[in-house]
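Grab a pencil and open the structure viewer.

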Amino acid sequence: MRINDRFHLTYCTNTHPGETWQAVWTNLQQYLPGLKQSLSPDQPFGIGLRLADLASRELLVGDRLAKLKAWLETENLYVFTLNGFPYGSFHHQVIKDQVYAPDWTTVERLEYTRRLVKVLAELLPEGMEGSISTLPLSYKPWFFGTPEALDPVFQSSAVALAALVIDLVNLQAKTGKLIHLGLEPEPDGLLENTQEVVTFFDRWLLPCGSTELMQHFGISNDKALACLRNHLRVCYDTCHFAVEYEEPEIALRQLQEEGIGVSKIQLSSAVRIPIPAELAERQAILQRLQPFAESTYLHQVIARQPDGRLKTDGRLKRYRDLEQALPEFLTTDAAEWRTHFHVPIFLQDYSLLQSTQEHLVKTLSYLQAFPLSSHLEIETYTWDVLPADIKFNLAHSIQREYDWVLQQLRIPIVV
């Protein structure tokens, strides 16, 4: 939905299980018309579409894409952003680090993203930018050794991304439609914070990518760099940056200063765990935390020391998953943990636990002063695995998330 003539607000349909096109199609018909009627009865209502690799292949067979486009027009719905991070299954089985596979060193990731571009180019309304989010290149724990050992991964990823930019430049020249890809940093991703994004752009993406574009198009280095910056940006997920203890005003300002665009903002909250000194209080919190250590997704943990430091012996104190961190909870010297578990954005307190909602509030406030991106996407996908006491009716929960965002943006809620 269009709000304030500045933003398009949607939620990501990765909330709904389904890897086939038929499953996605069923979910769209079940949930979108009702949400539109409640939230935007008289105006077009936007969709943040998630297509797995299989669904993207199936959608491009026969007249399915044409039928989807016709249905969208009939229902006064529009697609402006896609989630291209998870390639395969995303619900009802162990995902963990396989959400990063295949990564940007593989042709499979490039071809999958090309299919998403083809879908979005067909569905995107005239005069509107399109965005696609993607993984932060790869998963850092898959690679060991010196930092130089990662050089081939960064280089091959940069070359693959440049190949996609060539497609996006050609698409814009042919159709006038601008589509940009947003790299989505997250804990333990190959890119997980602002500084790592800046370093990748400066050391790898811009030098390697500009060479590829200059050779392909016969253009100057300046024009090649402009194409890369236009079509390759960052997907700023507020849960992920909060877990990294980044301040949105600082992170977003740094991206601006470095000339790195923001493709879209994913609106999400993480679990925040203030750690008391008393053992009995810790034991109660530990019991409360146990249900969050579920087996489907990775829930990385980063610790903050009492003096505000994030580092121990020169390294971030982090755990690859919550289940690995819990055995140390009663004895940790940290003052706070944050874990990558997407929780409902309309709640701040979870009985002994809190959320990083404040980071999200600050982000929305910053965007109203500096609208770096027009694409806002609610991205709570964990409804199936939430502890029972905060698991609510799905349709009602999605509605509440929209309502909360609109309240933050001071937009009247339609009743």
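Four bridges join strand S10 (residues 301-304) to strand S14 (residues 336-343), and the two run antiparallel. Before you start: this is a predicted model, where local features need pLDDT of at least 70, side-chain atom pairs count only at pLDDT 80 or more, and totals for chains, interfaces and linings use all residues. Residues are numbered from 1 along each chain as its sequence is written, and side-chain values use heavy atoms, leaving out hydrogens and water.

**Exercise 1. Work out the order of the strands in the open sheet, and find its edges.**

Step 1: Know the terms. Strands (E, at least two residues) and helices (H or I, at least four) are DSSP runs, numbered from the N terminus. Two strands pair if DSSP finds at least two bridges between them.

Step 2: Val301 has Thr339 in S14 as its bridge partner.

Step 3: Line them up. The five strands go S13-S10-S14-S9-S15, with antiparallel pairing. Strands S13 (318-319) and S15 (354-355) are the edges, as each pairs on one side only.

**Exercise 2. Classify the ring pair Tyr87 and Tyr112, and say what it ties together.**

Step 1: Get the rule. Rings of Phe, Tyr and Trp (its six-membered ring) pair if their centres lie within 6.5 Å; planes under 30 degrees apart are stacked, over 60 edge-to-face, and the rest tilted. That rule gives 22 aromatic pairs.

Step 2: Apply it. The centres of Tyr87 and Tyr112 are 5.1 Å apart and the planes sit at 75°, so this pair is edge-to-face.

Step 3: Tyr87 is in the loop between strand S4 (77-83) and helix H4 (107-123), while Tyr112 is in helix H4, so the pair ties together parts 25 residues apart in sequence. Tyr87 and Tyr112 are both buried (under 20% relative accessible area, with exposed over 50% and partly exposed in between; 1.4 Å probe, protein chains only).

**Exercise 3. Find where helix H6 kinks, and look at what comes after the helix.**

Step 1: Define the bend. At a residue, the bend is the angle between axes fitted to the seven residues ending there and the seven starting there.

Step 2: Locate the kink. Helix H6 (residues 194-217) has a kink of about 45°, centred on Phe201. Phe201 is among the buried residues of H6, including Trp204 and Leu205.

Step 3: Look past the end. Gly218 follows H6, and its phi is positive, near 65°.
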